[in-house]
Amino acid sequence: NWFGNHGGLSRLRGGFRPSWCDLLTIRDQEDPSGWHGHMFHLICVSSPNETGEVGAATIRALFSEEKIPEFRPRVRTLIQEPESKAAKALKEMGVVVYIGDMTDAKAVDKVMDGADAMVLLTSSLKFKPGTDLDPNKAKWVSGLQVEQAQTVIKSAIKNEVQSVVYMSVVGTEYVLHKYKSAEIYKKKWNRSITYSEKLIIEDMVKESGMMWTIIQVPMVMELLASSNKGIKKKGTFPSAYKRTVSVGLISCEDIGKLAKMALYNPDDWDKQYFTPMTDKLTPIEQCEILAQARGEIGLWDVNQAPRPVLYLTNPHWARALDTAEEIFEEVDHSRAIRKTKKILPEAVNLREWYEKNGLLGDMDWTESSCILS
């Protein structure tokens, strides 16, 4: 057991539980305005990349009155750079921003005090001060995710937090089945930091004594139009994945909505693994959908990043891609797609996501990003 016994936990007050980026907690609180509701606390140290997108989408879902209008969220965050674009965006959403780091036990304790539940999302990226949380200027650090999780979960146990939603990565159960344990996988020459540490953290979550839900996130659609890895030039569809590998896809907005559902339905989501997915397409198929929808058939082509080059420039990312591609090729995710659509009927497929986010309209393709969430 990573943290010792964690007994005596009562049911989550109000019958709900939370979700978000690096840490989200909830507690009953008397509103100064006289409204009595639930306080949402949130720690955010992630960058505006796919991790940050998932967190921001979950916050937007929590602030939305859709489905559960009787609750009003009030969110606090812990972020490394208070003047960063991410911090400013959070403030605009109504989030109270605090300065800190997920590995800072005192800072985490301050936010965790009085919490009932949390959402945890870890990252291997160590950001340099003054870089506006730019992932291109961040460093991959082995062991960082585990350190973050240990700090946060220890604080959660100390503060008697009762429920956790952990944002993991698609296919960890496949890796565990193939290699038998996280420690064996960790010794492989081509092992991914992302997968090896997510496996360890999943064990931490399950051994914490809290009620838990693990959401295994696949490729997020927002990466197709992000400023760092997405479409930057008309006619060129960039892909880190191999052209013929079918990749699982989900919108960050739908991840946020599902996390919100887990928050409000702890009995249904307790001790559950869930892989949210609405499409499983090769990069070629993704490119064709965009070209067809825009009436530009034959004018688009996939530009695949050479894997040997990735191994030289970003070996951690290359190894994560190798593992993910093996999972996507070996595992039938049709059940995950059906389950996602059943639980969240409004979840969008790739074409619907293009339409929703404007990728089918007239855009200035010279801009570094097609969309900003």
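Start by selecting helix α12, residues 315-330. Helices here are DSSP runs of H or I with at least four residues, strands are runs of E with at least two, and both are numbered from the N terminus. Buried means under 20% relative accessible area, exposed means over 50%, and partly exposed is in between (1.4 Å probe, protein chains only).

A word on what you're looking at: this is a predicted model, where local features need pLDDT of at least 70, side-chain atom pairs count only at pLDDT 80 or more, and totals for chains, interfaces and linings use all residues. Residues are numbered from 1 along each chain as its sequence is written, and side-chain values use heavy atoms, with hydrogens and water left out.

Stay on α12 and check its length. The 16 residues should span 22 Å at 1.5 Å a residue, and the end C-alpha atoms are 23 Å apart, which agrees. The expected span is 1.5 Å times one less than the number of residues.

Axes are lines fitted to C-alpha atoms, for helices over the stretch in contact, and angles run from 0 to 180 degrees between N-to-C directions. Under 35 degrees counts as roughly parallel, over 145 as roughly antiparallel, 65 to 115 as roughly perpendicular, and the rest as oblique.

Which residues of α7 and α12 meet? On the α7 side they are Ile193, Thr194 and Tyr195, and on the α12 side His316, Ala320, Thr323, Ala324 and Ile327. Contact means heavy atoms within 4.5 Å.

Now bring in α5, residues 172-179. The axes of α5 and α7 are 10 Å apart, at an angle of about 95 degrees. So this pair is roughly perpendicular too. Show Thr172, Val175 and Leu176 of α5 with Tyr195, Lys198, Leu199 and Glu202 of α7 to see the contact.

Time for some rings. Select tyrosine 241 and phenylalanine 328, an edge-to-face aromatic pair with 6.2 Å centre to centre and 65 degrees between the planes. Rings of Phe, Tyr and Trp (its six-membered ring) pair if their centres lie within 6.5 Å; planes under 30 degrees apart are stacked, over 60 edge-to-face, and the rest tilted. Tyrosine 241 sits in the loop between β11 (236-239) and β12 (247-250), and phenylalanine 328 in α12, so the pair ties together parts 87 residues apart in sequence. Both tyrosine 241 and phenylalanine 328 are buried.

Then jump to tryptophan 353 and tyrosine 354. Their ring centres are 5.9 Å apart and their planes at 55 degrees, so this pair is tilted. Tryptophan 353 and tyrosine 354 are both buried.

From tyrosine 354, hop to glutamine 286, which touches Tyr354 as well as Leu224, Phe237, Val247, Leu249, Leu281 and Leu350, leaving out residues up to four places away in sequence. Glutamine 286 lies in helix α10 (residues 283-294). Is glutamine 286 buried or exposed? It is buried, with a relative accessible area of 5%.

Last stop: glutamate 160, in the loop between α4 (144-158) and β8 (163-169). Its phi is near 60 degrees, a positive value in a residue other than glycine. At 54% relative accessibility, glutamate 160 counts as exposed.
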